[in-house]
Amino acid sequence: MFRRLNRAAGMILLLATAPGIAGLALMTGCARLPSIADLLLVNGRIYTLDWGEPAPDGTPAGDAPLGAVGWYPDAEAVAIADGIIIYTGSAEGAERYRGPETVVRDLDGAVVLPGLIESHVHINEVAENLTRVDLRGLNTEEEIYDRLIEGSRDYAPGEWIVGWGWDEGLWANRYPDNRRLSELFPENPILVDGLHGFGVWGNRLAVAEAGVTAGTEAPVGGEIIRDGSGEPTGIFVNRAVQLLRDAVPTPSLERRMSSLRAALLGMAADGFVCVHQAGTDSDMMEALEGLEAAGELPIRVYAMISTRDEPLTRAWIARGPDRDTDSMLRACSIKAYYDASLGSRGAMMLEDYSDMPGHRGVSGEEYGYNEELVAEAMRAGFQAAIHAIGDAGNRDVLDFYEAVIKSDPGVIDYRHRIEHAQVVHPDDFIRFGEMRLIASMEPPHTVEDKAWLEDRIGPDRCRNAFAWRTLRIAGAGLTFNSDLPGSDHDIFYGLHGAITRRDRDLEPTGGWHPEQAVLPEEAVRAYTSWAAYTSFQENETGIISRGRFADITVMDIDPFVLGSTQPEKLLEGSIVLTIVVYAYF
Ligand SMILES: [Zn+2]
């Protein structure tokens, strides 16, 4: 039984599995698996990844499907029943799983991989953008009004309408007032958010709900634009933008659920069967739990609890980690934030920034890092995932992990991670291996940041930046992701960046520090089997094998062959089909 959804980027099959069946099949081993398939995929170029791990230098295992002429697929058919893979192998072998009701899908030579996992995303932000009216590229007031009317058709009276992408920079010499905006929307407060973050525009109702009157003083560094009689016109500039933004309430649970579901369906269409949500607060958890309870989660969500939401973190510490690998929503990880980014010079460095002498970034405490809370969660059995970007940030986090592990050696088993791990001091790489840490990193950041990174930190430190090979050799685990919406989650862009260290324009020739690139198999594993290990699901998903979840991604290019021969062609790939077990409870 499965539901079919046609979407622009590809087809998604959401396989429904009755409560507990997946877990039952996994627990009881292969003997209890059904003998007739619901769905048979044939004529595919299937890479199961069901062979030995590559060596730290990338050398494939002896049993990998790699011959004198290169990589070749190790199966051509997959049979699926009740959301579980019951067969993988040759086309002839698959025939005995075909029954009268079996749906057969000819893949016509498309490439089949284990379902892709995005191991660090902010899907709440993607969802939030879906609830806002996109005003980018509009140049006249009339165009903006039309788009707002169009985008808010299903809004109830009183509900806030938020638009974004209004280019306030272009309008700075001719700011509109809110007379027309108030006439058109007499019953809904409206916030039009600027593209650059320094200007917002609201109607009369929005200004009233924000409590702003002729008598309101603008905060220091901000301006409330007023008419001749001193009344606010609805335009707020610089630090005053917050007056209006703070008035926007959290969207209703129903709207949060529907936008999250839409964002997750978008990920499914783009080939992903699971996302790791890097920082889940109470509002988001409520929406995720609502979707799970309704059987409406289209893909798996590994929700990392945000330590910035201390009450939620404490509630989960008291409850303990959710280790049920069978459910669509799991929470056994907490996300903490040590430093900021290299771009903003907020990442903590051991030495001064090369382009700003005397400056070494923003320290953990200033950035809301609560060490005690993280240690407590680790002791309660949670995986810790700490954002650390600079070499001082990474060292401090390594020191912290070392101290907690020393006092409580058992916690080493919870597969702790460092998010981003962008610049690491040469002395510190080995510590990742010693503590069995996972480096959770973004190939897109590497190929995007290279443009200015040498200015920021100089050529010597660049050698230890995005150092995937050095980390692998040091024994670190590795998982790849995009930090969506921080970067583009397109898997073909990610694989290309990982394998070539070049951007979409194929710059620089030969790749940026190509000695740190990974091989095609490692790149694919960092988005599949290694990402599954990172979320404690390596026995359920991450490879294509009998008894596993039917989590499968089909694409029209071969990352193994192209990655080894013509990697620039990876950028032309597209997703054909995504299959994910759709459990309902
Ligand atoms: Zn992030």
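The following legends describe close-up views of a predicted model. Residues are numbered from 1 along each chain as its sequence is written, and side-chain values use heavy atoms, with hydrogens and water left out. Because the model is predicted, local features need pLDDT of at least 70 and side-chain atom pairs count only at pLDDT 80 or more, whereas totals for chains, interfaces and linings use all residues.

**View 1. The zinc site.** The zinc ion is coordinated by NE2 of His-120, NE2 of His-122 and OD of Asp-483, at 2.0 to 2.1 Å. Donors are N, O and S atoms within 2.8 Å of the metal (3.2 Å for Na, K and Ca); water is not among the atoms, so sites may look incomplete. Along the chain, the donors of the zinc ion follow the spacing H-x1-H-x360-D. His-120 is buried at 0% relative accessibility, and His-122 is buried at 14%. Here buried means under 20% relative accessible area, exposed means over 50%, and partly exposed lies in between (1.4 Å probe, protein chains only).

**View 2. The buried face of helix 3.** Helix 3 spans residues 123-131, and its buried residues are Ile-123, Val-126, Ala-127 and Thr-131. Seen down the helix axis, these buried residues fall within an arc of 145 degrees, so they line one face of helix 3. The arc is that of the directions from the helix axis to the C-beta atoms. Among the elements that cover the buried residues of helix 3 are strand 11 (116-121), helix 8 (253-269) and helix 9 (282-293). Helices (H or I, at least four residues) and strands (E, at least two) are DSSP runs, numbered from the N terminus.

**View 3. The largest nonpolar core.** This core has 112 residues, and those with the most contacts inside it are Ile-386, Tyr-401 and Phe-432. Helix 12 (residues 391-407) gives the most to this core, with 7 residues. Domain 1 (1-122 + 253-309 + 540-585) and domain 3 (338-518) both give residues to the core, so it lies between them. A nonpolar core is a set of buried Ala, Val, Leu, Ile, Met, Phe, Trp, Tyr and Cys residues joined through side-chain atoms within 4.5 Å, and domain bounds come from an automatic or database domain assignment. Leaving aside neighbours within four places in sequence, Phe-432 is in contact (heavy atoms within 4.5 Å) with residues including Asn-394, Leu-398, Ile-418 and Leu-471.

View 4. The structure holds 0 disulfides, a disulfide being a pair of cysteine sulfur atoms within 2.5 Å. For Cys-274, the nearest cysteine sulfur is that of Cys-332, 11 Å away. Cys-274 is buried at 3% relative accessibility, and Cys-332 is buried at 1%.

**View 5. Two cis peptide bonds.** A cis peptide bond joins Leu-484 and Pro-485, with omega about 5 degrees. Pro-485 is found in the loop between strand 24 (477-480) and helix 16 (491-500). The bond from Glu-507 to Pro-508 is also cis, with omega near -15 degrees, and Pro-508 lies in the loop between helix 16 and helix 17 (520-526).

**View 6. Positive phi at two residues.** Asn-43, a residue other than glycine, has a positive phi near 60 degrees. Asn-43 lies in the loop between strand 3 (39-42) and strand 4 (45-46) and is partly exposed at 37% relative accessibility. Arg-501 has a positive phi of about 55 degrees although it is not a glycine. Arg-501 is found in the loop between helix 16 and helix 17 and is buried, with a relative accessible area of 0%.
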